[in-house]
Amino acid sequence: MANKLISEMGLPKSIANIFAARNINTAMDALSVTEFELMELLDVGLAEVISAVMHISEMVCPPWETALSLLHQRVQNEHLAGHLPTGLDGLDRALCGGIPFGAVTELVGPAGIGKTQFCLKLALLASLPKSYGGLDGHVIYIDVESKFSSRRIIEIGAKSFPDVFYREGMAQQMAGRIVVLQPASLAEFTDSLQQIKTLLLQRKVKLLIIDSMAALVSGESEPGGPRQRLLGWHISFIKSMAELSRIPVVVTNQVRAQVHDEVGQFFFQMPSRSEIGDDQSRLESHLVAALGIHWAHAVSIRLVLEAVSGQRFMKIAKSPISPPLKFPFAISSSGVSLLDDVGEEVYGPKIHGIHSQGHNDIINFGNTYSKN
């Protein structure tokens, strides 16, 4: 805006001609000197200079906004952007409609907690007809660990939406809308990104799921610089696909035990291995997201799935529109469901903590819990 031409600002022709004659052509030229210096340069009175400077300033300065007007804009933009309803009423209310379009939403939690189950339900909902609360579109499902189950997704659909799934051919039609890719390595996934981008343009794609991103990068390099550079490029590409295609992107992330030299990166300190001994509960209190804090900064929404005393909880750990809340949930033949739609607010270190207390499905491979 500083380079905007004064001749295009609607000043009275007489004063605009004087600016041009003195080679003061842009807003920067006019606003880089004082009013008294302009009086000398233009050979006009102070009142005319002040009036011209005020007009130029109004033309190039961004308009001021009140907190109320920004709130109204945000609500309007959220409405225009759209959401994929999850069918979990409490979560949908907290997120103002569900999983947002044009953003990356992350599911993080220990193995077997229900991340893939949630992804399957989201894939089903995106392919459902709009009359049943779905998006009536195609889904691209990146199945890194070969956990996608067509039988399970049809079971969830038949239990949750029997009116739809018991129609002749409807189950096959909806299953045909879900495109499953199974890259065997990060290199294969990188090669397939252009194919994914083409599918987004060619098909009526309404959802992209990557299950799991952590599995793709595990083994590629040690945590730190090389891995963060790999992740940096991929998350930038994934975010750009979400924004350009205006679709929700859901990625899953695993957990691992925090190692001793990571103490400075987190708000809590992990005891040494000798201090932990066989006390698994102490180890569980120091689980962290496998992809690290740089990845966490890149996602728009983080949902933590955890277990406390054998009860599963879904926690909104990061969101620009919701306070930190947690909901108890269960997994049944109809998929993931909340046991209480009223979320409990979470405070302090508990917001980002990840627990697996009493969750028997966890398998510990060294420092990483890698089975979903």
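Contact here means heavy atoms within 4.5 Å. This is a predicted model, in which local features need pLDDT of at least 70 and side-chain atom pairs count only at pLDDT 80 or more, while totals for chains, interfaces and linings use all residues. Residues are numbered from 1 along each chain as its sequence is written, and side-chain values use heavy atoms, with hydrogens and water left out.

View 1. Helices (H or I, at least four residues) and strands (E, at least two) are DSSP runs, numbered from the N terminus. Of the 372 residues, 48% count as buried, where buried means under 20% relative accessible area, exposed means over 50%, and partly exposed lies in between (1.4 Å probe, protein chains only). Among contacts with a separation of 6 or more, 66% are accounted for by residues 24 or more positions apart.

**View 2. F118 and the largest nonpolar core.** A nonpolar core is a set of buried Ala, Val, Leu, Ile, Met, Phe, Trp, Tyr and Cys residues joined through side-chain atoms within 4.5 Å. The largest one has 46 residues, of which L84, L91 and F118 touch the most other members. Helix 7 (residues 115-127) supplies the largest share of this core, eight residues. Another core, of 34 residues, lies apart from it and has I140, L199, V205 and F237 among its members. When neighbours within four places in sequence are left aside, F118 is in contact with T86, L88, L91, L107, L303, M314 and V336. In soluble globular proteins, nonpolar side chains tend to be buried together.

**View 3. Strand 3 (residues 104-108), mostly covered.** Five of the five residues of strand 3 are buried, with V104, E106 and V108 on one side and T105 and L107 on the other, so that both faces are covered. In a regular strand the side chains alternate between the two faces of the sheet. Two strands pair if DSSP finds at least two bridges between them. Strand 3 runs parallel to strand 7 (residues 249-253), to which five bridges join it, and parallel to strand 10 (residues 301-308), to which four bridges join it. T105 stands opposite V250 in strand 7 and opposite I301 in strand 10.

**View 4. Helix 4 (residues 46-60) and its buried face.** Helix 4 has 15 residues and reaches 21 Å from its first C-alpha to its last, close to the 21 Å expected at 1.5 Å a residue, the expected span being 1.5 Å times one less than the number of residues. Its buried residues are V49, A52, V53, I56 and V60. Seen down the axis, these fall within an arc of 100 degrees, so they line one face of helix 4; the arc is that of the directions from the helix axis to the C-beta atoms. The face turned away from this buried side carries the exposed residues A47 and E58. The buried residues of helix 4 pack against helix 1 (13-21), helix 2 (27-31) and helix 3 (35-42). S57, also in helix 4, is partly exposed, with a relative accessible area of 22%.

**View 5. Helix 1 and the helices that cover it.** The buried residues of helix 1 are I15, A16 and F19. They cover an arc of only 100 degrees around the axis, which puts them on the same side of helix 1. What covers these buried residues includes helix 2, helix 3 and helix 4, whereas K13, S14 and A21, on the other side of helix 1, are exposed. Helix 1 is followed by N23, whose phi is positive, near 60 degrees.
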